[in-house]
Amino acid sequence: MSLDRPEAVERVEEIVATVEDETMPVPVREVWVYGDVALGLDPVERLDVYVTKDILFKDAPERAEEFQRSHGVDGVGKTVRAAWADEHPEFIRANANGHAAPEKCLAAHLLSDDEPVHLEVCNASFEDNVTQRLKGAKMRNDYEQILDPRGACLWLDGERSPDAFQKLRDNEFVFPTLTQSLSMLGMDETEAGDAADAVKEYRAQQEGATVRGDVV
């Protein structure tokens, strides 16, 4: 399953509109797209979206026990907003330990299960996380989870970019190949080529909506 390019851009606009107009499980600071849609490919095999979230500190911790009893999930009111859970109980998701998982809650709210969309969720900005993920991948010699650095910021601190959406529609973003991009970030040419191949192979194996949460 893939998306025609206009359909992919429209889907991104829907995601940004949802972040703008609806209560999110955690505060969202940035929305980026990267990979196929930013490169202008048509069709878009997978739509890659990056969300920068703020860590929730003071919400409604006194309600955590209430949600644990009603939904069997710990941490509502602490790691995800209680007001959001009141509005969208069907989107409450937990990790393997039974604690509310912000990235899974965001994915449940923003995505449909069967659409070819990948959501990256992190407390760090896209550019900072690109660097951190690359550093970690090089240390482990494991390149699958490298974050494709070819991205465009569409929404920041409550405001849409004045021209990014139009550039996305008109296919005006210009990026080098993934190998070249990784070389520009400090990988030697051979390593960059191997890393790019690993990223492409990993992405090709993914189906339906996927999400990855990260903390930097």
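Reader: What makes Asp214 count as buried?

Author: Its relative accessibility in this predicted model comes out at 16%. Buried means under 20%, so Asp214 qualifies.

Reader: And which residue does Asp214 form a salt bridge with, and how do you know that it is one?

Author: The partner is Arg133, with the closest N and O atoms 3.4 Å apart. The cut-off is a Lys or Arg side-chain nitrogen within 4 Å of an Asp or Glu carboxyl oxygen, so this pair passes. Asp214 sits in strand β6 (residues 210-214) and Arg133 in helix α6, 81 residues apart. Arg133 is buried too, at 8% relative accessible area.

Reader: What makes that part of a network?

Author: Salt bridges link Glu120, Arg133, Arg212 and Asp214 together. The structure holds 14 salt bridges.

Reader: How do you know that Asp36 and Arg203 meet the cut-off?

Author: Their closest N and O atoms are 3.8 Å apart, and the limit is 4 Å, so the pair counts as a salt bridge. Asp36 belongs to helix α2 (residues 36-39) and Arg203 to helix α9 (residues 189-204), so parts 167 residues apart in sequence are tied together.

Reader: Are Asp36 and Arg203 buried or partly exposed?

Author: One of each. Asp36 has 11% relative accessibility and counts as buried. Arg203 has 24%; that lies between the 20% and 50% limits, so Arg203 is called partly exposed.

Reader: What about Arg11 and Glu115: what makes that a salt bridge?

Author: The N to O value is 2.7 Å, and within 4 Å is what the term asks for, so the label holds. Arg11 is in helix α1 (residues 5-21), while Glu115 is in the loop between α5 (102-110) and β3 (117-122), 104 residues away. Both count as buried: Arg11 is at 15% and Glu115 at 9%.

Reader: On to the rings. How many aromatic pairs are there, and why is Tyr34 with Phe126 called tilted?

Author: There are 4 aromatic pairs. For Tyr34 and Phe126 the ring centres are 5.7 Å apart and the planes meet at 40°. Tyr34 is in strand β1 and Phe126 in helix α6 (residues 126-140), so the pair ties together parts 92 residues apart in sequence. Tyr34 is buried at 5%, and Phe126 is buried at 1%.

Reader: Why is the pair of Phe173 and Phe175 called stacked?

Author: Their planes are at 20° and their centres 6.1 Å apart. Stacked takes planes under 30 degrees, so the pair is stacked. Phe173 counts as buried at 18%, whereas Phe175, at 26%, counts as partly exposed.

Reader: Which residues do ring pairs link into a cluster?

Author: Trp32, Tyr34, Tyr50 and Phe126.

Reader: Last one: how do you know that β1 and β4 pair?

Author: 5 bridges join β1 (residues 28-34) to β4 (residues 151-156), running antiparallel. At least two bridges are needed, so the strands pair. Within β4, Leu156 is the bridge partner of Glu30.

Reader: And what makes β4 and β5 a pair?

Author: β4 and β5 (residues 159-160) share 2 bridges in the antiparallel sense. At least two is the requirement, so they pair. Trp155 has Arg160 in β5 as its bridge partner. Their hairpin has 2 residues between the strands, and Asp157 takes a positive phi near 50° there.

Technical notes. Residues are numbered from 1 along each chain as its sequence is written. This is a predicted model: local features need pLDDT of at least 70, side-chain atom pairs count only at pLDDT 80 or more; totals for chains, interfaces and linings use all residues. Side-chain values use heavy atoms; hydrogens and water are left out. Helices (H or I, at least four residues) and strands (E, at least two) are DSSP runs, numbered from the N terminus. Rings of Phe, Tyr and Trp (its six-membered ring) pair if their centres lie within 6.5 Å; planes under 30 degrees apart count as stacked, over 60 as edge-to-face and the rest as tilted. Buried means under 20% relative accessible area, exposed over 50%, partly exposed in between (1.4 Å probe, protein chains only).
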